Amino acid sequence: MSQSRAPAWVVPLMRFGYGARGVTYILLGGLVLSAALTGGQAGSTSTALAQLKGQPFGDLMLGAMALGLLAYALWRLICAGMDLERRGTDAEGIVARLGQTISGAVAAGLAITAARLALGSASGSGGQGTTTLASWLLQQPMGKWLVIAVGFVTIGAGGYYAVKALKEKYKDHMRATATSEKLDPVVKAGLIAHGVVIALIGGFLAYAGWTSDASEAQGMTQAFEAVRAQPFGQVLLGVLAIGLLGFAVYCFVEARYRIVPARAGDDVTTLAQRAKREGRRAAARLD
């Protein structure tokens, strides 16, 4: 792993990618909120992208989204490979960089979906990718246990988002500004909501492995329907929708204020650094 300064082009790549991801979750959050208010189907990230198809200049917007999501995928893969966030090579660092790689792979899949929609060769239906993955894994040696393992890893990824929010780890790479501080509660809620959705998908995967039935492995659409099926489900779905809109805000905040540790200079102050500084000042006043 090289500790040399990262090339300048990784920063605009990162910002473009987070912006595209934010637009995707604005669309998804709107779909889920509409489902909560009207009782319709919530949809998934793929169906959210498909909503652009019928809009004026929809194909052009989908093409731009495909490029943006591809930029995000490249950013995550390059970030993991070059260790641009200085995670290191210990166990915790390897897990973090593996998570970056998985995130990049998911974004690449969405980029392909957006490109296929723009070209008219995809329907944008949700859940099929998860089912296809489970079906393929079940055909492998020890396939049942592979699907269960992937399910638990996905649940863990969802938990990671919640922990990242509650421990405010995202502040380590967020430039401290008046705007980023004001939006912090929205960012935190968005990360937790996203974690809930990811964990639900992981639960479906684990159950599919346990029953050896790939059809039980479902995506976001079924995750939202599972929430709706609970007591006060419509209300819970509405809360989750608002949380997903918060995650879109998180993506936009990242697009504007996220720093690349391997690129940023020593003069940059992050939210985490400012919080520590204010904590020391408060402790000094008490002394």
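Ser46 lies in helix α2, which spans residues 45-50. Helices here are DSSP runs of H or I with at least four residues, strands are runs of E with at least two, and numbering starts at the N terminus. Ser46 is buried, at 14% relative accessibility. Buried means under 20% relative accessible area, exposed means over 50%, and partly exposed falls in between, with a 1.4 Å probe and protein chains only. The C-alpha atoms of Ser46 and Leu117 are separated by 9.3 Å. Along the chain, these two residues are 71 residues apart.

The model is predicted; local features need pLDDT of at least 70, side-chain atom pairs count only at pLDDT 80 or more, and totals for chains, interfaces and linings use all residues. Residues are numbered from 1 along each chain as its sequence is written, and side-chain values use heavy atoms, with hydrogens and water left out.

The pLDDT score is the predictor's confidence in each residue, from 0 to 100. The protein chain averages 82. A pLDDT of at least 70 is reached by 90% of the residues. Among the elements, helix α7 (residues 178-182) has the highest mean pLDDT, 92. Helix α5 (residues 128-138) has the lowest, 64. Where pLDDT is low, the predicted coordinates should not be read in detail.

The secondary structure comprises eleven helices and zero strands. From the N terminus on, the order is α-α-α-α-α-α-α-α-α-α-α. The protein chain has 287 residues, and 45% of them are buried.

The largest nonpolar core holds 31 residues. Such a core is a set of buried Ala, Val, Leu, Ile, Met, Phe, Trp, Tyr and Cys residues joined through side-chain atoms within 4.5 Å. Leu191 and Phe224 touch the most other members. Two or more residues of this core come from each of α1 (10-38), α6 (143-166), α8 (184-211), α9 (220-228) and α10 (233-257). Helix α10 gives the largest share, ten residues.

Further pairs bring together residues that are separated in sequence. Val187 is found in helix α8. Its relative accessibility is 2%, so Val187 counts as buried. The C-alpha atoms of Val187 and Val249 are 6.5 Å apart, although the residues are 62 apart along the chain. Ala162 belongs to helix α6. With a relative accessibility of 21%, Ala162 is partly exposed. Ala162 and Ala193 are 31 residues apart along the chain, and their C-alpha atoms are separated by 8.0 Å. Ala108 sits in helix α4 (residues 91-118). Its relative accessibility is 24%, so Ala108 also counts as partly exposed. From C-alpha to C-alpha, Ala108 is 10.0 Å from Gly68. In sequence, Ala108 and Gly68 are 40 residues apart.

Most residues other than glycine have a negative phi. Glu168, in the loop between α6 and α7, has a positive phi near 60°. Glu168 is partly exposed, at 26% relative accessibility. Phe232 is found in the loop between α9 and α10. Phe232 is not a glycine, yet its phi is positive, about 60°. At 71% relative accessibility, Phe232 is exposed.

The second largest pocket has a volume of about 250 Å³. Twelve residues line this pocket. Asp172, Ile259, Val268, Thr270 and Gln273 are the closest of them to its centre. Grid points are joined across faces, edges and corners, and the volume is the space filled by probe spheres set on the points. The lining divides into five nonpolar, four polar and three charged residues. Ala, Val, Leu, Ile, Met, Phe, Trp, Tyr, Cys and Pro count as nonpolar; Asp, Glu, Lys and Arg count as charged; the others, Gly among them, count as polar.

The structure holds zero disulfides, a disulfide being a pair of cysteine sulfur atoms within 2.5 Å. Cys79 is buried, with a relative accessible area of 0%. Cys251 is buried at 0% relative accessibility.

Technical notes: On a 1 Å grid over the protein atoms alone, a cavity is a set of points where a 1.4 Å probe fits but cannot get out, and a pocket is an open set with protein on both sides within 12 Å along at least five of seven lines; lining residues have an atom within 4 Å of a point.
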